Amino acid sequence: KAGGRDRNPAGPSFRAGKEQKQKGYVGAFERFLDERPAGQPFCFWFGSSDAHRGYAKGSGLKKGMKLEQADVPTFLPNTPEVRSDLLDYAFEVERFDDDCAGMLELLREAGELQNTLVVVTSDNGMPFPRAKANCYEYGVHMPLAIGWPSRVPGGRVVDDLVGWVDLTATIYDATGVEPPGDPGLTGRSLMNVLDSMKEGLVDSSRTAVFTGRERHSSSRFNSLSYPQRAIRTQRYLYVHNFTPERWPAGTPRKLANGKLGPDHGGYHDIDACPTLNFLIENRDDPKIGHFLQLSVAKRPAAELFDVTTDPGCLKNLADDPKHAEAAESLRKQLFAELERTSDPRVIGNGDVWETYPRYSPLRWFPVPQWAKDHPDQVPVQKWVDEKRPDWAPAAPR
């Protein structure tokens, strides 16, 4: 199997059988509860495909949602086409919510809800241009709800900064299992926050979270990534783009049968969707065109946003003298953390990220000008060379 694994590291999968009263995801969880060893602790991962694209176009409107109900982010045009796409996304989110509610009810019926730690979150931002597969606010700010009725006071909204790495540490802490000692855990347990009765900011030491991005899909020459690292504080989001010469959403034109395809056909780091189609179709419209560029145009190495006033991350403050002190402070904090955690991008081995094979199909793109001018900057990728079709240009070395 891909990567040499002989089993799914997430564990065996479950599907509802004829004996389950519930169907779909909820039925799968019902089957898991029926088959778990009696009297033993359990762990179940509900990995929903909602709200992963594609969607049934118009499903939100068909359900009875109204266009005026859509909340349009500032980086997208406020048009009926975009609003309808957002409603389709909302419809998918509601299905996920319904499944979560069904699973919680099964836990209640089994008498397990009070003593079960339930964590609900997502794996990426909404699948729209300039959201998913970006380190902007709409790409990395995830929903998070945690419940444990017998221990954690509920009904609270907490504003502490939390990263995914903190969830692993939290689970070790909650279960009383000793974590591995070397190299240890990167995250910090949230149990002190969960045990608290406070709302708002609970743990004042949680001053920042860190995020990053490498390869999302096959969207550039040799399937190269678009490496980003970011630091988010209560006020600011600072993003460092390691390769600003590359296209953040994918090279605009890809190769098809050895020939260049049409313009704007290579943005595969954006999920295919009606909103992307609308932006491309209206790229020459004076009111719409700039929205496409917000998602696909090349970006500077440093980006700084005040997310309290600009959650859409439209105004880059990195070169604004009024925010120069904040930009420099955040840059230092970010790179100090990358060095502390031995991130290959800062310790001289960044190309290692490009060596990991992609097991899904590859797309092919022309050799970019930066690679022609600086062949020494093209990562060596044996896994790409082995799959390169005869008609594709050989990568300079």
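Leaving aside neighbours within four places in sequence, Met 126 is in contact (heavy atoms within 4.5 Å) with Pro 73, Phe 75, Leu 76, Leu 86, Tyr 89, Ala 131, Lys 132 and Tyr 138. The model is a predicted one, in which local features need pLDDT of at least 70 and side-chain atom pairs count only at pLDDT 80 or more, whereas totals for chains, interfaces and linings use all residues. Residues are numbered from 1 along each chain as its sequence is written, and side-chain values use heavy atoms, with hydrogens and water left out.

Met 126 is also among the residues with the most contacts inside the largest nonpolar core, together with Leu 76, Leu 86, Tyr 267, Leu 276, Leu 279 and Leu 292; this core has 24 residues. Two or more residues are given to this core by each of helix H3 (80-109), helix H7 (274-281) and helix H8 (289-296). A second, separate core comprises 13 residues, including Ile 231, Leu 317, Ala 318 and Phe 335. A nonpolar core is here a set of buried Ala, Val, Leu, Ile, Met, Phe, Trp, Tyr and Cys residues joined through side-chain atoms within 4.5 Å, and buried denotes under 20% relative accessible area, exposed over 50%, and partly exposed the range in between (1.4 Å probe, protein chains only). In soluble globular proteins, nonpolar side chains tend to be buried together.

Arg 206 is placed in the loop between helix H6 (191-195) and strand S3 (209-213), helices (H or I, at least four residues) and strands (E, at least two) being DSSP runs numbered from the N terminus. Arg 206 counts as buried because its relative accessibility is 6%. Its side chain makes a polar contact with the side chain of Asp 166 at 3.1 Å, where a polar contact is a pair of N or O atoms within 3.5 Å; within protein, one atom must be able to donate a hydrogen and the other to accept it, and residues adjacent in sequence count only if both atoms are side-chain atoms. Asp 166 belongs to helix H5 (residues 165-175) and, at 7% relative accessibility, is likewise classed as buried. When residues up to four places away in sequence are not counted, Arg 206 touches Asp 160, Leu 161, Asp 166, Arg 188, Ser 189, Leu 190 and Val 193, while Asp 166 touches Gly 187, Arg 188, Ser 189, Leu 190 and Arg 206. The C-alpha atom of Asp 166 is separated by 30 Å from that of Phe 75, 91 residues apart along the chain.

Grid points are joined across faces, edges and corners, and a volume is the space filled by probe spheres set on the points. The second largest pocket holds about 570 Å³ and is lined by 17 residues, of which Pro 12, Ser 13, Phe 14, Trp 45 and Gly 47 lie nearest its centre. Its lining has 11 nonpolar, five polar and one charged residues, with Ala, Val, Leu, Ile, Met, Phe, Trp, Tyr, Cys and Pro counted as nonpolar, Asp, Glu, Lys and Arg as charged, and the others, Gly among them, as polar.

Two cavities of 30 Å³ or more were found. The largest cavity, of about 60 Å³, is lined by residues including Arg 220, Phe 221, Trp 247 and Trp 370, and its lining divides into five nonpolar, one polar and three charged residues. The second largest cavity has a volume of about 40 Å³, and Arg 130, Arg 213, Asp 269 and Arg 299 are among its lining residues, which comprise four nonpolar, two polar and four charged ones.

The peptide bonds from Asp 50 to Ala 51 and from Arg 53 to Gly 54 are cis, with omega near 5° and near 10°, respectively. Cys 313, a residue other than glycine, has a positive phi near 55°; Cys 313 lies in the loop between strand S8 (302-306) and helix H9 (324-340) and is buried, at 0% relative accessibility. Ser 342 also has a positive phi, of about 55°, and is placed in the loop between H9 and helix H10 (352-355), but Ser 342 is partly exposed, with a relative accessible area of 42%.

Methods
On a 1 Å grid over the protein atoms alone, a cavity is a set of points where a 1.4 Å probe fits but cannot get out, and a pocket is an open set with protein on both sides within 12 Å along at least five of seven lines; lining residues have an atom within 4 Å of a point.
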